[in-house]
Amino acid sequence: YPAVPSIREKDEFLIPFIDVLLDPHFKTGTPEADQTLLKSLIVFACLMEGLFFYVGFTQILSLGRQNKMTGAAEQYQYILRDESMHCNFGIDLINQIKLENPHLWTAQFKTEIKALFLKAVELEYRYAEDTMPRGVLGMNASMFKGYLRYIANRRAVQIGLDALFPNEENPFPWMSEMID
């Protein structure tokens, strides 16, 4: 069991969706199976690659901006670039599947996806609380609530959902420079 409970919670959230993608016996071809695949792709691309790493990225890159741990921060910039490419590839794939299979993108399905986004924001925020219980070098967990909502909005809009947290602003605009 990890020393940080929120890491276990994020793993437990992800495992069922990753299992679908890794199951050699999983078959598409029915609306239910196709939605299961699409949901797993959304969780993988938008939530794991596109949200779950962002507290850690921001923590390390913030240190680099303060001339601390500059070597680690530089390596994280490369990792962030790589994760951004994974996320964007996944979003392109999701949008192509939606384009070719519009019958999968039902109101009920979108409601399920929104609930997954909300859960992911909650889980990543718990990680921020676990890793910064008293704050560190000018950052604290509460600063991440808005940031995670901002990122979730961005991912939701990229796949055709409405923003989940309207009017949320980015408290770390310098992160956008690194991501974009």
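**Exercise 1. Count the aromatic pairs and classify the pair formed by phenylalanine 13 and phenylalanine 17.**

The count comes to 10 aromatic pairs, where rings of Phe, Tyr and Trp (its six-membered ring) pair if their centres lie within 6.5 Å, and planes under 30 degrees apart count as stacked, over 60 as edge-to-face and the rest as tilted. For phenylalanine 13 and phenylalanine 17, the ring centres are 5.9 Å apart and the planes stand at 55 degrees, so the pair is tilted. The structure is a predicted model, in which local features need pLDDT of at least 70 and side-chain atom pairs count only at pLDDT 80 or more, whereas totals for chains, interfaces and linings use all residues. Residues are numbered from 1 along each chain as its sequence is written, and side-chain values use heavy atoms, with hydrogens and water left out.

**Exercise 2. Identify which rings lysine 10 and lysine 98 sit over.**

The criterion is that NZ of Lys or CZ of Arg is within 6 Å of the ring centre and within 35 degrees of the ring normal. The charged end of lysine 10 is over the ring of phenylalanine 52, 5.1 Å from its centre. Lysine 98, in turn, lies over the face of tryptophan 105, with 4.1 Å to the ring centre.

**Exercise 3. Locate methionine 69 and asparagine 167, and state their phi values.**

Methionine 69 belongs to the loop between helix H3 (54-65) and helix H4 (70-100), and its phi is near 50 degrees, a positive value in a residue other than glycine. Because its relative accessibility is 48%, methionine 69 counts as partly exposed.

Asparagine 167 is found in the loop between helix H6 (141-158) and helix H7 (173-179), and although it is not a glycine, it has a positive phi of about 70 degrees. With 76% relative accessibility, asparagine 167 therefore counts as exposed.

**Exercise 4. Describe the surroundings of serine 62.**

Serine 62 has its place in helix H3, and its relative accessibility of 8% is why serine 62 counts as buried. Leaving aside residues up to four places away in sequence, serine 62 touches Met139 and Trp174, contact meaning heavy atoms within 4.5 Å.

Methods
Helix = DSSP H or I, 4+ residues; strand = E, 2+ residues; numbered from the N terminus. Buried < 20%, exposed > 50% of the residue type's maximum accessible area, 1.4 Å probe, protein only.
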